[in-house]
Structures are given as structure tokens and as C-alpha cells.
Amino acid sequence: MGEPRRGGCCPPMDLFRSEPMQLVQLIIPIESAHLTVDYLGELGLIQFKDLNAEKSPFQRTYAAQIKRCGEMARKLRFFKDQISKAGLSVPVSLETQVDINLDDLEIKLGELEAELVEINANSEKLQRSYNELVEYKLVLHKAGEFFHSALSSAEAQHREYASNPSGEVSLETPLLSEQEISTDSSKQVKLGFISGLVPREKSMAFERILFRATRGNVFLRQSAVDEPVTDPVSGEKVEKNVFVVFFSGERAKNKILKICEAFGANRYPFSEDLSKQAQSINEVSGRLSELKTTIDAGLLHRGNLLQTIAEKFDRWNVLVRREKSIYHTLNMLSIDVTKKCLVAEGWSPTSAAKQVQDALQRATHDSNSQVGAIFRVLHTREAPPTYFQTNKFTSAFQEIVDAYGVAKYQEANPGVFTIVTFPFLFAVMFGDWGHGICLLVATLYLTLRERKLSSQKLGDIMEMTFGGRYVILMMSLFSIFTGLIYNEFFSVPFGLFGQSAYTCRDPSCSEAASVGLIKTRDTYPFGVDPVWHGTRSELPFLNSLKMKMSILLGVAQMNLGIILSFCNAKFFRNGINIWCQFVPEMIFLNGLFGYLSVLIILKWCTGSKADLYHVMIYMFLSPTAELGENQLFPGQKLAQIVLLLLALVAVPWMLIPKPFLLKSQHDRHHGQNYAPLQDTEESLLVEADQGSHGHEEFEFSEIFVHQLIHTIEFVLGAVSNTASYLRLWALSLAHSELSTVFYEKVLLLAWGYNNIIILIVGIIIFIFATVGVLLVMETLSAFLHALRLHWVEFQNKFYEGDGYKFYPFSFSLVNDEED
């Protein structure tokens, strides 16, 4: 969607400047307001303004409807939680139309929630009863064993006592005979007992507290339960012990009951009568079987209910979200004095006016409204939002730019150039076509399966990687390209494009140095000649090549930034910025570093041995001195003097004229604040150029200080930014050397041992080192450095980035935010 040209120097591009926007006013009858906002939400091309900003959320017209939607959303969250606990999944519905209205859905959700809450409560009660009966059955078994073993022991002692008429006394013989006990009935003591289960981790403390509280006047028996038991209160699996406490007296009983309650011990009744014990066990077993059947039937019914809810959950959720967003938007509209119309204001692309009007007409027709909605374009000096039409390929690159700052309305967008320059600068630092192929394979996996992966929940890091898959795809392709230029495949050179141009003068030179090489063939057609790798001259040669290449790339990108500032000034018809900013900046940057770039290219073309460090240093320290062997072309000394003088003149040129011209311009236009309004687009362009401060007092000192800061920043930045591009050389060298170390000191070293185990270990270490260091850490490092070069060195030449993004009311955006 191109915009009309308004004096721009560049051809129209969808991404180069934001879409032309207009402030529109909609006057909508009350009866068709809901449907109108619904259709506009489907269209997604209007950013509504809040006309009720002074009102609290509870004072707005549709607060009750939003509360209803919030309550339905709460019920849906409850259903989703129950569905996930039941291990069910919510199928994604592809249907956009919902066959139920909001009122019916509210009643339906209320009925389903009440039913589900009742089922859960009954299931919880039944499960608690079941768990209590399971514990009771354990108590009956374990306590029955206590009594049975005690009875057996008593009978054995009685038989032993009866068979020992001589009266011999042993340690196990009772102190009192039965006759002695029975003669004094007043001294008989009846023992009571309490049985139950106590958590095993508390059993020792339980026993100690019982002993101390009763001063040892209790008898405690415990037995461990083999498997963990589900606690009826907490519902968690707990290891427990069955206990039986024998006591005497009511005071002791009360103490024991309190201790049991404090330790969370569950008590259960128990009869000494063996026949009653057997009867209790049978009764408990029968009740357990009945409860199990009832619980299973309840769980089946609950599962069927949740399955029914899950099938319709997605459609219901979409409906509630849509309705809630519609009422939120309606709350931003103001009510007309007659209480019959709603007035809306919002930003919309000028090209979308026909679509918006069609949506208004359709809503009027479908709602059977007698009065149609009115669409008007408002004239304003307010700065419009910035809107770029992106797709799944360009959106990630635009996000890189927007992370620095959203472009001012119709300001030149660096995102267009970032699509190429960002992956290219990354590849300059990451150049290795083997590593590039690894990145390409990983990215192709994400790209080819994007439809499936986009519908899945990914982790934070994986989500970020998937979102930037096309950025990584471009980075990998450029890395393969620069890797072929550097002739590095995991640091190994290959003669893919023909034979080397050099041969050895004698056999001794092959491993030693490049001094013995002589050129016998044509120059290697593409990239670095493979013969350089492994020689003593490799590092000096590649250092020189990459350092000079970094300067050339840096100066070219900074010039592109300054040219874009000219495009902005031309587009906004700002002649002051052209003559007092663009021209001196171009002269200063190219008078120094553009000249250095020309010298680098001349040195490459002529094969001169001139010292460029010496040339640049003495251009400042001694501009009139003779160059001698450092002269690259005739008239070089005069050219250097002229360029130096131009650079010196450019500094006050940037600093002084602009503030005075702005003051003169302000004085000339002073008193014309009540001039007739311009047409919409013209007023928006003027506002975009001047900001929203047209009525503020002009402060000359403030403008002059701002221009002084800009001049100092540019002059110092021209040096520091050019030096900053040397990171391309440094990271490229580091990547190459690390790759060489891993190849030679790991893979080749393991190969040299002629041992299969050492070789396998070496290959594993090489793979992990390559993936972990070179493909992950180095990728992240090069990415961040390329990001810095774009944000600081490139964008500060022209990009203000003080706009705000266009966020239209759109159901697709609402769904994405909820997810």
C-alpha cells in the first residue's frame, strides 16, 4: 500500500514510510453500536481513543456488561483448571462463528458450574468417606492382631502356670495369682483403650508426649502400615502407623484425645469381642465396595461432563473474549447529549476508509437500524500513530527496529535496510559456511514446521528463536556467503572455485611460510585463496583484509544513515536540515573517513606499500609535509589539505546557522497561530515534523544547546563509530581462531592417536564445543554486536524513534494477548 509522494527523494515502499493515517469520527446509533464495534474488531483497522479518560471503570456505561463477561471468564478459567486436572485437552476449534448468544451462554455456564461444583463436592465427600473406611479397615486388622497376640500370650502363660505346680517363679510369671486378684474386687481396675492411625514421622514424638502427659500410666502398641495411606483430611499419600493406647481413668482418656487431635491422629472405634471384630470387617468391606462403585460412576459422569465442556470450550472462550473487548471499546466511546448515539474517535489508515464505511453500512443493515452511522474525517495537529504493514518475514526485522524506538509518523524506516544489513553484518563476524549450514538446517526445521509449532506452547527461549526464524534464516544464508569468501568450512579451506594461484618455489616452502610462493596461475576467482591458510602470513594477511573491510562497511553504512536523514528532510520539506545538517555531516564524514576508504581501495588496486596509518596521522599533524613513498596518487597532498579544511569548516557549519535560522523562521511565523487549517494530510505532515509543541515558547538558548550537543556528538561519533565497526574484524578473527583451535587441538589431535576410543571421545568433544561455543555463544555474541551497530552507529544518524505504535482494535490481537 504505497503513499502519495510528497517531495520524497526515494521511491515509495510499503515499509519505507508508515501508512498515511487520519483521525476519524464515528457517530453510531445505540441500537447498532454493539454490532458496529464487532465488525470493526473483525476488520482491525481502527485504533480507538478513550473519550472517557476522566471516568473510573465503574462509572462507565457498560461496566455491568464487563462485569458479566469477567464472571463468565472466571467460570471458563475454572472449567479449564478442572479439565487440565482431569488430564483432558482442549481441542482448538477452527470455527469462528459461535451458535449461542451471550445471555444463553451465561445461563449455560452458570448451570454447568453449579453441576460441576456439586459433583466435585459429592465426589470429595465420598472420597473422604472411602479413605476413612480404608483406614478403619487397617485399624481393625492391625488392632485385631494386637488383641489376638495378647490373648494367645495370656493363654500360653496360663497353661504354663497350670503345668508348674512346684511354684517355680520365672520372669514372665504374673505377680498376682488369679485367686489373689479375684478375692479383692474393690481393687480391680478396668482398662480402656483408643485405637487409630498416626503419621509415621510423628510416631516417636507421639509416644514421648503420651508417656510424659500420663506419667507413664499408659501402654502403647504401634504397627507400621506397609503402604502409604491416603489421608482423609488432606487427600495426600502419607505413611502411617496403627496404634492402640491402653489407659486407666477419664483424665488420662481426655489427655490422650487431645494429644491425638494435636498430632493429626485419626481415631476409630474398636471392639474387644472377636465376633464383633469380624462383623465390623465384613461391614467395612461391603461399604468400601459400594463406595468404590459410586465413586467410579461419579468420576465417569464428571469426565463426560468435562469432555463435553472441553469440546465447546474454545468457542465459548473466544465469544467471551470478543464480547469483553467489545464492551471495553464501547466504554471508550462518549454518549451523545440525546442519549441515542455513541461518538467514537480513532486513528485509521487513509486507505482503509472504504473498508471502514462498508463495515458501518453492514452493521446498520444487520442490526435493522433506522439510522445509519456517520463517518467523518477530523482535522488535527496531533501526531498520528505509526503503522507498517508487515508479514511473517518482515515482522521480526521490524521488531528489531521497534525495540530501539518506534519510528515517528512517516519517518524513514531503517527496517527496510535492516532486512539485508543486519544478517550481512552478522555474517561478516560469523563467516564460516560449515557453521552457516548448521544454522540453516536448524532454521529450515523451524520454518518448514512453522504451522505446527505456532499452535504449540514453547518455552521462553524456544519461543524467541521461533519468532526470529526468518532473521536466523537470513543470517545463515549470509554466513554461508561470507564463509565462502573467507574460504572456511569449520576452519578448513577448500578449493571449490579452482586451483590456487600460487605454487611453491621448492618443496621446503610448503609448510613453512608464504615467502617461497610464486604466482603461476590466474587469481583465485572467488574469496580468499586456500593457500593462505596454515602459513605464517595467514594472520597478518587476514587481519589487514578484515580490518580494512570493516572500515569500508562502516563508512558505507554511516553514509547510508546520513543519506536517509536527507530523505527525511526532503520528505518533510525541511530545508534547514538539508543545508545545515546533511551537507556538513556528509562533508565531515567523507572528508576524513570517506577519504580513508578511497585510500584503502586505491592501495588494493595498485598494490602500493603505503602506510595508511602514517598518512592519516600526519594529515592532521603535518598536512603540508611531503608524503614520499606513502603517496598513492598525484595531487594527494593538496587533496588532503582541501579535505581537512572542509572538515574543519563543517563543524561550525553544523553548529551556528541552524539555531539562528530557526529563530528567524519562528519570528517570521509568529502571530499566525490562527491561520486556516490545512488539508488533513498536510496538517499531519507538519505536525509530524514539528511535534505537538507548536504553541510552546521558542527558547533560543535551548535550541542552541541542543544543536551544540548534536554537533559534538556527531564529530566525536564519526571517530568512535568508525572505530566501533572494527568489532567486525575482531569477532570474525575470534570466530576463525576458535574454530581452528577446536579443529586442530581436538579433532586432529584425537585422530593422531590411532585409537578408536580416543577418536570417538574427540569427535564428541568437538561436536559439543562446536555447538555450544561456536553455534550458540558466538551466534549470540555476533547477534548482539550487529544489533549495537544498527542501533548506535547506523540509526543515530537519522532515526528519532519517538513515535508510538498503531494498536488497532482487532479480535486477532485480543486473542494473541490472552494467550
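This is a predicted model: local features need pLDDT of at least 70, side-chain atom pairs count only at pLDDT 80 or more; totals for chains, interfaces and linings use all residues.
Residues are numbered from 1 along each chain as its sequence is written, and side-chain values use heavy atoms, with hydrogens and water left out.

User: Which strands stand at the edges of the open sheet formed by four strands?

Analyst: The four strands follow the order β4-β7-β3-β8 with antiparallel pairing, where strands (E, at least two residues) and helices (H or I, at least four) are DSSP runs numbered from the N terminus, and two strands pair if DSSP finds at least two bridges between them. Each edge strand has a single partner strand, so one side of each is left without a neighbour in the sheet; these strands are β4 (219-224) and β8 (266-268).

User: What is the bridge partner of serine 195 in β8?

Analyst: Strand β3 (residues 192-199) and β8 run antiparallel and are joined by three bridges. In β8, the partner of serine 195 is tyrosine 268.

User: Is threonine 770 buried or exposed?

Analyst: Threonine 770 belongs to helix α24 (residues 756-794), and, leaving aside residues up to four places away in sequence, it touches His435, Phe490 and Leu775, contact meaning heavy atoms within 4.5 Å. Buried means under 20% relative accessible area, exposed over 50% and partly exposed in between, with a 1.4 Å probe and protein chains only. Because its relative accessibility is 5%, threonine 770 counts as buried.
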